[in-house]
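Have a look at the model first, then read on.

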Amino acid sequence: MKKSNSVRFSIKSLDASGQGFSNLDGNLVFVPKTLPGETGVASIIASKKKVSFAKLDQLDQESELRAQPECPHYNNCGGCSYLHMSYQDEINFKTLALKDIFDRQHKIKLQNEIIVHAAKTRSHYRNRVQLHYNKNSLGFFGDGQNKDIIDVSNCLLMKNEVAAKVKALYQDDHWKTLNLNKKEGHIEVYLRDGKVSIHINQRYSNEGFTQVNQEMNEELKSLIDNRLNELGPDDYVIDLFGGSGNLSKKTNSPTLVIDSTPTKYIELTNDHQEYLELDLYGKHATRDLQNKIKRSPDLLIIDPPRSGLKNLDEYLKIIQPKEIIYVSCNAQTLARDLKKVENEFVINELFLFDFFPSTKHFETVVTLSKS
Ligand SMILES: C[S@@+](CC[C@H](N)C(=O)[O-])C[C@H]1O[C@@H](n2cnc3c(N)ncnc32)[C@H](O)[C@@H]1O
């Protein structure tokens with residue numbers, strides 16, 4: 001299919017990232033911000049073999065689920081994917097997507113229904129935001145394959161304090177007067193302890209990972225705390241990809257928090273937690289880990305970056321946990337990893353935590369025990 005072609009589409013369903021897709025004579029066309037049953041016209045912006053990515057131009061047939069998006073940037077911005085429907089419908093589509101990834105794509109049989117933790121607010125939840133910049137523009141990347149930078153001066157995802165700072169950056173192009181050390185890069189606006197700060201071209205604003213949605217973080221932690229509370233001082237916990245020990249903060253048992261963040265940036269607040277700096281994707285990581293862990297843990301918490309832990313089977317052979325809570329921001333890599341250990345561990349519960357309402361992202365949490 002040629003680039004810049006106008007095509008008529010008829011949306012069959014939504015993919016796992018919330019974009020509609022249409023099958024046109026064997027060619028798959030993805031049209032973000034559409035709904036099943038909708039028909040209309042879209043412009044192709046990128047194509048590869050029989051797969052194309054298009055931008056919605058006109059709707060001929062609207063779904064009854066369609067709602068007016070509240071955000072003024074929604075039509076062009078790539079930040080959000082679900083604002084053209086109600087929040088309940090967004091949750092329904094995200095749940096279907098998660099089920100499809102496990103059931104159909106990875107053939108992992110689920111014994112129980114997915115337990116959904118929807119967010120209390122669909123907007124104003126981000127305590128930090130990363131804005132891209134080039135010579136002329138500041139904002140988020142565009143929709144789908146569009147890599148233009150889109151103005152997001154009125155973005156609804158940010159907490160009010162962050163939004164106010166972002167507005168000030170846009171005011172009279174103030175951001176261009178900052179000490180930008182590269183021609184293209186990113187500016188992060190970060191709210192912590194009631195103070196907003198700006199960080200230019202840094203991986204993490206405070207040198208270590210922090211969760212963007214504090215309300216949902218507390219909800220996830222209360223699930224983990226329930227399990228931690230059942231453990232005693234003789235039990236042992238490992239918090240893998242643990243950052244500053246956020247998820248095991250309420251532990252009463254000796255807990256080894258492992259992450260690659262340099263020790264000097266780690267702020268453990270619980271005396272039961274001990275920190276080990278280790279590159280868990282490194283060539284000798286499993287060997288190094290084997291030498292460091294004291295004994296098999298009663299509970300292993302895993303919370304990796306989007307790429308997951310593709311040698312989970314090797315890790316579990318070494319660690320030999322009784323139980324696992326695996327938290328993931330990428331259900332695809334999570335299901336890939338779990339497939340490798342399905343004969344050794346059973347899935348007890350599968351949760352969807354909507355940490356990132358309005359966007360295509362969500363957190364998945366799986367509890368497992370030895371089969
Ligand atoms: C999704 S965050 C989770 C952090 C923590 N569990 C929390 O709730 O704040 C993923 C963590 O993986 C860590 N990480 C990234 N690459 C790593 C690597 N190669 N080895 C070890 N940790 C890594 C990051 O520093 C980050 O803290």
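## Helix pairs and ligand contacts

Helices α4 and α5 are roughly parallel to each other, because angles under 35 degrees count as such. This is a predicted model, in which local features need pLDDT of at least 70 and side-chain atom pairs count only at pLDDT 80 or more, while totals for chains, interfaces and linings use all residues. Residues are numbered from 1 along each chain as its sequence is written, and side-chain values use heavy atoms, with hydrogens and water left out.

Helix α4 spans residues 285–292 and α5 residues 312–319; their axes lie 10 Å apart at an angle of about 20°. Helices here are DSSP runs (H or I, at least four residues), and axes are lines fitted to C-alpha atoms over the stretch in contact, with angles from 0 to 180 degrees between N-to-C directions. On the α4 side, Ala285, Thr286, Leu289 and Gln290 make the contact (heavy atoms within 4.5 Å), and they meet Glu314, Tyr315, Ile318 and Ile319 of α5.

The axes of α1 (residues 87–105) and α6 (residues 331–339) come within 10 Å and cross at roughly 30°. That makes α1 roughly parallel to α6.

Now to the ligand: 18 residues surround it (a heavy atom within 4 Å), and Asn246, Asp259, Asp279, Leu280 and Asp303 are the closest.

How values were computed. Helices (H or I, at least four residues) and strands (E, at least two) are DSSP runs, numbered from the N terminus. Angles under 35 degrees count as roughly parallel, over 145 as roughly antiparallel, 65 to 115 as roughly perpendicular and the rest as oblique.
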